[in-house]
Amino acid sequence: MARPPAAAYRGDMPASRQRTVAVVDSAQCDECGLCLPLCVPGAIHLGRRGLTIDAQACTGCEKCVAPCPVGALRMADA
Ligand code: SF4
Ligand code: SF4
């Protein structure tokens, strides 16, 4: 049987295949920079607009979450 187009699965992905990525609470982040070197793919950026995370580049490894001294990072569904 032919498979339906991939687009047909949008919004209907099994929980086990859902991607999680790191997100930052800007109100909590004090821009200490501690998390930047922990992110191997370089998904975390610190610039004039504060800390941002590239959801496309984030692999969901979670290495940045626990070390944040102010608890500004958490994982969320992509
Ligand atoms: S470790 Fe936490 S407080 Fe420091 S820059 Fe990263 S998210 Fe912000
Ligand atoms: S979860 Fe991993 S890949 Fe994503 S921002 Fe944190 S350290 Fe980087």
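Trainee: What makes strand 2 and strand 3 a hairpin?

Mentor: In this predicted model, where local features need pLDDT of at least 70 and side-chain atom pairs count only at pLDDT 80 or more, while totals for chains, interfaces and linings use all residues, strand 2 and strand 3 form a hairpin with 2 residues between them. Residues are numbered from 1 along each chain as its sequence is written, and chains are lettered from A and ligands numbered from 1 in the order in which they are written.

Trainee: How do you know that strand 2 and strand 3 pair?

Mentor: Two strands pair if DSSP finds at least two bridges between them, and 4 bridges join strand 2 (residues 44-47) to strand 3 (residues 50-53), so the two antiparallel strands count as paired. Ile44, for instance, has Ile53 in strand 3 as its bridge partner.

Trainee: What makes a run a strand, and how many are there in the chain?

Mentor: Strands (E, at least two residues) and helices (H or I, at least four) are DSSP runs numbered from the N terminus; the chain has 4 strands and 0 helices, in the order β-β-β-β.

Trainee: Why are residues around ligand 2 called nonpolar, polar or charged?

Mentor: Ala, Val, Leu, Ile, Met, Phe, Trp, Tyr, Cys and Pro count as nonpolar, Asp, Glu, Lys and Arg as charged, and the others, Gly among them, as polar. The shell around ligand 2 has 15 residues, where near means a C-beta atom, placed from the backbone, within 6 Å, and they divide into 11 nonpolar, 2 polar and 2 charged.
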